[in-house]
Amino acid sequence: MKKYLLLFLLSAFIFTSCSNDDNIFPDDREEIVEEESKTANDYPVQNFMYQVMNNFYFWQGDVPALDDSKFESLDDPDYISFLASESEPATFFNDLLFLEDRFTFLTEDYQDLVSSLQGISKSNGMEYGLSYFGDNNDVFGYVEYVVNDSDAEKQGIERGDIFTTVDGVQLFYNSATDNNFDLFSSDSYTLGMADIVDRTITPNDRNVTLTKEEGLAENPILLSKVIEHNGFKVGYIMYNSFVATYDDELNTIFGDLKAQNIDELILDFRYNGGGRVTSAIQIASSVYGTETDKLFLKARYNDKIMETFDPGDGEDNFVDTTFDSKTPLNSLNLKRVFVIATGATASASELVMNGLEPYIDVVHIGSATVGKNEFSNTFVDDRENNYFYDPNRENQINTENKWGLQPLLGRNENADGFSDYTNGLTPDYPLDEDVATLGTLGDPNEPLLAKTLSVISGETSKRNFEPILSVDYISNSKDFKPGANKMLMDGLTKPLKLKSSK
């Protein structure tokens with residue numbers, strides 16, 4: 001980001017008030033009873049939440065409580081009363097500070113959010129999707145993939161396994177608020193497995209108990225290989241989350257693909273819910289080129305932030321080095337790229353696709369994506385850093401307030417000014433995943449990969465890709481993790497030092 005955001009936050013002063021009730025005491029015994037004064041500092045969690053949302057939230061102007069004219073300063077008695085109006089932080093936030101958007105997130109312990117954004121979580125290692133089956137609200141789960149060295153791997157869980165119950169209870173879903181997916185929140189649970197018999201999900205007698213472990217780290221680069229197909233040398237990368245920790249490894253992979261002189265590239269984002277924008281810019285640059293004078297994205301913030309911008313602010317171009325280590329970037333300089341994307345593909349994945357569109361042919365195979373065109377950042381109670389989370393300032397975070405916020409800050413446009421894909425990006429070659437034949441990831445016969453290879457070679461008519469049992473997608477396991485479906489502007493959005501009140 002070329003310029004720090006200009007904020008207008010005021011520091012708190014003590015407000016003193018007195019009360020006197022002449023009706024209680026006779027004149028000769030009159031006393032002045034001083035009430036204990038309250039300041040914003042007496043409500044650290046509510047004050048932190050309000051300041052972040054008032055200054056950064058994309059829809060700040062549409063939330064009555066966040067209107068800039070509502071309170072004069074941090075020591076305004078009305079502001080103190082507002083902070084005191086709800087003692088439960090989550091209720092205060094949900095009822096008063098935001099518009100029920102799909103992706104703003106809060107957590108009682110910011111470390112859970114930070115760990116998740118780094119690919120570390122408390123997990124049993126089974127990543128699964130959820131789909132309807134039958135004619136009612138019953139749901140079955142299907143295993144998308146298993147994290148290496150996890151409990152799920154040790155218990156023999158494999159891609160394509162199907163389950164219908166958790167701890168003996170049939171899964172169901174009939175609205176966003178009426179489901180029993182909280183069954184997955186237990187540290188240990190037992191799956192009731194099932195088979196497909198005559199195109200019908202049929203429970204069997206197998207039960208598998210899985211146990212979560214703290215700090216399970218997942219390498220988002222699940223697969224990378226070169227596939228020889230009908231005279232084409234095709235690079236294939238399955239990438240499941242944009243995690244900066246693995247940027248250098250990803251750059252090495254692109255260098256290897258370049259050394260092998262591949263003809264085409266497939267990016268498999270089918271289960272990628274997003275992540276760090278700097279990693280998205282890196283991947284896009286590795287695909288298209290390190291032309292640092294070419295615009296990749298333009299960030300649009302709320303109105304009062306945009307009013308502080310000069311021409312060129314909020315713009316980020318393609319890059320020629322990795323963001324953190326500044327390693328020279330390996331680039332394939334392609335004219336087109338093939339992307340496998342589904343209803344589980346969101347945020348930074350969609351950003352790569354949309355950001356590349358003005359420059360090269362982006363061929364989308366799969367199904368419509370989630371449609372998360374907004375970006376966010378992580379905020380903690382570190383007022384001197386404008387509440388932005390900085391891992392180098394852990395000792396500056398208020399120890400009395402562990403809450404973390406991940407609010408939507410704005411939308412990223414591509415070089416053509418396009419960002420209107422709230423309903424998702426539409427595939428050029430539609431194909432749902434087939435629960436009956438999920439196949440092995442990276443295998444040229446796996447249906448979505450096979451379809452993509454057929455498009456590359458021009459042989460789409462030579463194989464019937466009609467699914468036997470299509471996924472009627474509802475959600476997946478990543479939706480239940482902190483900061484799900486994220487486009488994290490970490491390192492791109494920078495704050496100024498806060499102003500103090502007059």
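Close-up 1. Tyrosine 50 is buried at a relative accessible area of 5% (buried is under 20%, exposed over 50% and partly exposed in between, with a 1.4 Å probe and protein chains only). This is a predicted model, so local features need pLDDT of at least 70 and side-chain atom pairs count only at pLDDT 80 or more, while totals for chains, interfaces and linings use all residues. Residues are numbered from 1 along each chain as its sequence is written, and side-chain values use heavy atoms, with hydrogens and water left out. Searching the whole structure turns up 35 aromatic pairs (rings of Phe, Tyr and Trp, the last by its six-membered ring, with centres within 6.5 Å; planes under 30 degrees apart are stacked, over 60 edge-to-face, the rest tilted). In one of them, the ring centres of tyrosine 50 and phenylalanine 82 are 5.9 Å apart and the planes sit at 75 degrees, so this pair is edge-to-face. Tyrosine 50 belongs to helix α1 (residues 44-56) and phenylalanine 82 to helix α2 (residues 77-84), so the pair ties together parts 32 residues apart in sequence. Phenylalanine 82 counts as buried too, at 10% relative accessibility. Helices (H or I, at least four residues) and strands (E, at least two) are DSSP runs numbered from the N terminus.

**Close-up 2. Phenylalanine 181 meets phenylalanine 480.** With centres 6.0 Å apart and planes at 55 degrees, the rings of phenylalanine 181 and phenylalanine 480 make a tilted pair. Phenylalanine 181 sits in the loop between β10 (178-179) and β11 (188-197), and phenylalanine 480 in the loop between β26 (473-476) and β27 (487-488), so parts 299 residues apart in sequence get tied together. Phenylalanine 181 is buried at 7% relative accessible area, whereas phenylalanine 480 is partly exposed at 38%. Both belong to a cluster linked by ring pairs, along with Tyr128, Tyr132, Phe163, Tyr173, Phe184 and Tyr189.

**Close-up 3. Helix α10 and its surroundings.** For α10 (residues 447-457), 11 of the 11 residues are buried, so this helix is largely enclosed by the rest of the structure. Its buried residues pack against strands including β14 (221-229), β15 (232-239) and β16 (264-268) (contact means heavy atoms within 4.5 Å). After the helix comes glycine 458, with a positive phi near 75 degrees.

**Close-up 4. Charges over rings.** The charged end of lysine 326 sits over the ring of phenylalanine 323, 5.0 Å from its centre (NZ of Lys or CZ of Arg within 6 Å of the ring centre and within 35 degrees of the ring normal).
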